[in-house]
Amino acid sequence: MNALDIKNISLSFSGLKAITNLTLSIPQEKIYGLIGPNGAGKTSLFNILSGLYSPTQGDVMMLGKSILNKHPHELPRLGLARTFQNVRLFKKLTVEQNILVALDQKKEVDLKQKLKNYFYLLFSTRHFLSDEEELLGQANLILKEFDLQEHAQTLAQDLPYGLQKKCELARAYATGAQILLLDEPAAGLNPQETAVLSVLLRKLRDHSKLTLVLIEHDMKFVMGLCDQISVLDYGVKIAEGTPSQIQKNPIVQEAYLGKARSKDV
């Protein structure tokens, strides 16, 4: 079973075709790259996967079940979370609080059912305190895993840009999602930060058994990290394969460099 099966997806805006009949199969526990020139349809696809857009045709299956037209807030509980090219943290909250927000939404609480329980009512304060302690403990473990513990009480808006991106990734991880959509995770990072990010993403794949799908323009980063890559151009898939196969593909070279320059590659 694949992590994601994107089946014959098309998306149009007032007659303008952003994506045309796109089919992708994204395996579990792999790092999958989506690349292509600006306007290729990459972000439009992410917006469909994350519930922001509804396609004009097609379906999206996650772990064998359709997630088409699910609301964005529903998807983390179903197993899918996203980061954005422009960091979207709760800037007035601390790093720890950003993590706690994600952890708190993960806990599905049937309050009505609990309120029927006399003993739950009797000891509700103790239950709430226990839940809070558990969440704080989980947040601390995540902060350590992402090397953010020394910034736990720092407001998100006061973090350097590279740490803001790491915090957003940690928050997505904290939702408990099995699939993370990463929109240009290396954008704006210096070479050292990019190298650290590569190690972290491999760790999430190998030890946390996550599926990572990323849009990225840093080709060195993509080619050194991804297990498999698909190339989009004008909303159509023009190539798919390993990084080595993609680098050698003349159609990909033409899409990026143009016919005149592709002869020199």
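1. D183 is buried, at 3% relative accessibility. Buried here means under 20% relative accessible area, exposed means over 50%, and partly exposed lies in between (1.4 Å probe, protein chains only). This is a predicted model, in which local features need pLDDT of at least 70 and side-chain atom pairs count only at pLDDT 80 or more, while totals for chains, interfaces and linings use all residues. Residues are numbered from 1 along each chain as its sequence is written, and side-chain values use heavy atoms, with hydrogens and water left out.

2. D183 has a charged partner. Its side chain forms a salt bridge with that of R82, at 3.3 Å from N to O. A salt bridge is a side-chain nitrogen of Lys or Arg within 4 Å of a carboxyl oxygen of Asp or Glu. R82 sits in strand β6 (residues 80-83) and D183 in strand β7 (residues 179-183), so the bridge ties together parts 101 residues apart in sequence. R82 is buried too, with a relative accessible area of 13%. Helices (H or I, at least four residues) and strands (E, at least two) are DSSP runs, numbered from the N terminus.

3. The salt-bridge count comes to four. One of them joins D206 and R205, whose closest N and O atoms are 2.7 Å apart. D206 is partly exposed, with a relative accessible area of 37%, whereas R205 is buried at 13%. R205 also meets D227, at 3.1 Å from N to O. R205 belongs to helix α8 (residues 191-206) and D227 to the loop between α9 (219-225) and β9 (228-233), so this pair links parts 22 residues apart in sequence. D227 is partly exposed, at 28% relative accessible area. Through shared partners, R205, D206 and D227 form one network.

4. Now the sheet. Six strands make an open sheet in the order β6-β7-β8-β3-β9-β10, with mixed pairing. Strands β6 and β10 (236-241) are at the edges with a single partner each, so one side of each has no neighbour in the sheet. Neighbouring strands are turned by 20° against each other on average, direction ignored. That angle is taken between axes, which are lines fitted to C-alpha atoms (for helices, over the stretch in contact), and angles run from 0 to 180 degrees between N-to-C directions.

5. Which strand does β3 (residues 31-35) pair with in the parallel sense? Its partner is β8 (residues 211-215), over four bridges. Two strands pair if DSSP finds at least two bridges between them. I31 stands opposite L212 in β8.

6. Next, the nonpolar cores. Such a core is a set of buried Ala, Val, Leu, Ile, Met, Phe, Trp, Tyr and Cys residues joined through side-chain atoms within 4.5 Å. The largest has 48 residues, and F146, L169, L180 and L201 have the most contacts inside it. Helix α7 (residues 161-174) gives the most to this core, with seven residues. A second, separate core of 27 residues includes L22, L49, L181 and V213.

7. L180 deserves a look. Neighbours within four places in sequence aside, its contacts (heavy atoms within 4.5 Å) include A81, L169, A172 and Y173. L210, T211, L212 and V213 are also among them.

8. Is helix α1 (residues 42-49) largely enclosed or left open? Seven of its eight residues are buried, so the rest of the structure largely encloses α1. The buried residues are K42, S44, L45, F46, N47, I48 and L49. After α1 comes G51, with a positive phi near 80°.
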